[in-house]
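The sequence and structure are shown first.

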Amino acid sequence: MPPSKRLPEAGGGGGGGGGGIQRSRGAAVVKLAALLLLSVILPLLFLAARGIRTSVVVDWEGIRHISRKPIVDWREQLAMQHMKSIFTKEVIDIISATRHDLGPWSLDSARKNHISSSWKVGGQDEASQNLTISDPIQAASDVAQMASRSKLEIATAMGDLLAIDKGIKNDSDAHLLDNPVILTRRRLREKRREKRAVELVQQNDEALVKLENAAIQRSKGVNSAVLGKYSIWRKDNENENSDSTVRLMRDQMIMARVYLVIAKSKDKTDLYQELQNRLKESQSALGEANADSELHQSAPKRIKEMGQVLSKAREELYDCKAVTQKLRAMLQSADTQVRSLKKQSTFLSQLAAKTIPNGIHCLSMRLSIAYYLLPPEKRKFPRSENLEDPNLYHYALFSDNVLAASVVVNSTIMNAKDPEKHVFHLVTDKLNFGAMNMWFLLNPPGKATIHVENVDEFKWLNSSYCPVLRQLESAAMKEYYFKAGHHTTLSAGSSNLKYRNPKYLSMLNHLRFYLPQVYPKLNKILFLDDDIVVQKDLTALWSIDLRGSVNGAVETCGQSFHRFDKYLNFSNPHIAKNFDPNACGWAYGMNMFDLNEWKKKDITGIYHKWQSLNENRALWKLGTLPPGLLTFYKLTHPLDKSWHVLGLGYNPSIDRSEIENAAVVHYNGNMKPWLEIGMTKYRNYWTRYIKYDHPYVKICNLSR
């Protein structure tokens, strides 16, 4: 402020001096009042003004026209001057470009709103699109405070400021298009969007590829074999989501039967007759169809007509309680029928398993006649010197089925690398001895050696030596097996029929416990059942180290029903104290036996012991697997499962790749491949080794 002028001092005179003093005192009072006003009243007013803080909220489009524009420009210029000493030129350019879009900017507003404006684009409310104008003094104060922050805090705040570029509202403004910073930012944003779009497309393509690969893998596991129309395994290959028309017709027929009963009870004669007529028509159209493709062409019409009469019956007869009672009664009746049919089916399947097809019986009879017409000198097989050579690969096959035995021998020789080293020891009964000899005389197994024997000529195999023969001669066993008229119905006779299978009475089935007696000169022998097919060379089995065990076999303890407790009676103390109920079972059908170890451990003696204890069938029912589990307990060496795949005679869901990779496949179960009840999907593995062009096979009408 400019210095005030000094007043001239008054001259002396008494009167003049008194008046001057009065004026001087008045001036002092005025100055004191003015000072008091400046020091008390004005600060109060200033503080009140700061408290009120004239915050005029305006739209950005109106900011350019208000009278306070010079003040806003002054505030921006002051803030930018302080910024230049803190930030680089690139940051200043970004802030300058961004303020065109967002209006006046202060560090205080950025500090209070940490969320970047890029998160508000497209979702802002009306208040977030307006700006608050503060007074210049407060703005300058904010800038000064922000300038005193550490560089790390300023950089953090600027991280949000750099993202403000996404908050531009009007990209179409002409004065923004020339700004290089905005153009660069827009290009980067477009590149990010393109990159994200490419990533999404790539992810979508990868997902489609994964779905396609999964579908291909599933399709590989689908069995393409088509089962017969009347096959009881048809349901295993049906799609649950298909054949909706068949299911609809069946549902309509069920409801028609319900309303038939209700209509009859309420004397609705006309409706009863109409329901009965429609039911007969639907039954005729449905027939034996199990798929939509098998339905009669009149099926759609019958469905429509049945729907109309059911709608009419519902309007006239519907009674929730009556319908529920009838459906419950039908369900109970159906359950009883199902149980009865299951028993009958079990009985018939067991009966079918015991039978010999006419074609095989014909083949056996014709071959037997031809054999006994041969002169004795022509009934001998070549290379008989190989029968006792322990350095060759020896097989034991005990069977009374000529066709089945031929498949075992043919499949083994066809897949062998050195057929001349393989020797087959066949044993059959007296009835089929001539047929078995004649077949292999007519169809010799190439360079392999074969020999056929008659079990009835083993004089040492008698009731005084063999417990099972002694038991079969007992009156109790004859009563169990041969008593006529056990049951009057099919379902009643199905309970123990599987234990009355003739194979359990045949000594061919029990001969496997006497291998050292049958072949005393051999060290090792591979036992094969007649319901197997060999698919690979088996010579590697003779080089497997059994580690002191007698039996080499594939274990079958993958399922609980193949444990010891499912075959043996663990309520018997002889069983309970000697065996583990959870021990793994194993399979007969392809077994490598070490005959030297067999003799050392007296395996036949162990078998005799347990067979004698089971005279009243107290330890197990009948068969050879239970006594085999006892006899070879802790003396069985597990083979790799790929050597022997079981279940083709009862399990319709074996994986195809598992079958094709197996060295031996086994049709254990009732559904043998030579029977009509055999599963179609597995039959080809067996039939490929049959010579259907053979004259005897043609004469006996044996076909694929």
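Two strands are taken to pair if DSSP finds at least two bridges between them. Helices (H or I, at least four residues) and strands (E, at least two) are DSSP runs, numbered from the N terminus. The model is predicted: local features need pLDDT of at least 70, side-chain atom pairs count only at pLDDT 80 or more, and totals for chains, interfaces and linings use all residues. Residues are numbered from 1 along each chain as its sequence is written, and side-chain values use heavy atoms, with hydrogens and water left out.

**The sheet**

The protein chain comprises 27 helices and 12 strands. Seven strands form an open sheet with mixed pairing, in the order E5-E4-E3-E6-E9-E8-E10. Strands E5 (449-454) and E10 (636-638) stand at the edges with a single partner strand each, so one side of each has no neighbour in the sheet. From one strand to the next, the twist averages 25°.

| Strands | Sense | Bridges | Residues opposite each other |
|---|---|---|---|
| E3 (393-398) and E4 (422-428) | parallel | six | Phe 398 and Val 427 |
| E4 and E5 | parallel | six | Val 427 and Glu 453 |

Helix H15 packs on the sheet and touches E3, E4, E5 and E6 (contact means heavy atoms within 4.5 Å). The direction of H15 makes about 175° with that of E4; axes are lines fitted to C-alpha atoms, for helices over the stretch in contact, and angles run from 0 to 180 degrees between N-to-C directions. E3, H15 (residues 402-414) and E4 make a right-handed β-α-β unit, meaning that, with the strands pointing away from the viewer, the path from the first strand over the helix to the second runs clockwise. Helix H16 (residues 433-442) lies across E4 and E5 and runs at about 170° to E5.

Buried means under 20% relative accessible area (1.4 Å probe, protein chains only).

Asn 591 belongs to strand E9 (residues 590-594) and is buried, at 0% relative accessibility. The side chain of Asn 591 reaches the backbone oxygen of Ala 587 at 3.0 Å, and a polar atom of that side chain lies 3.0 Å from the backbone nitrogen of Gly 589. Leaving aside residues up to four places away in sequence, Asn 591 touches Ile 525, Leu 526, Phe 527, Asn 551, Gly 552, Ala 553 and Trp 586.

Key. Buried < 20%, exposed > 50% of the residue type's maximum accessible area, 1.4 Å probe, protein only. Polar contact = N/O pair within 3.5 Å; in protein donor to acceptor, adjacent residues only side chain to side chain.
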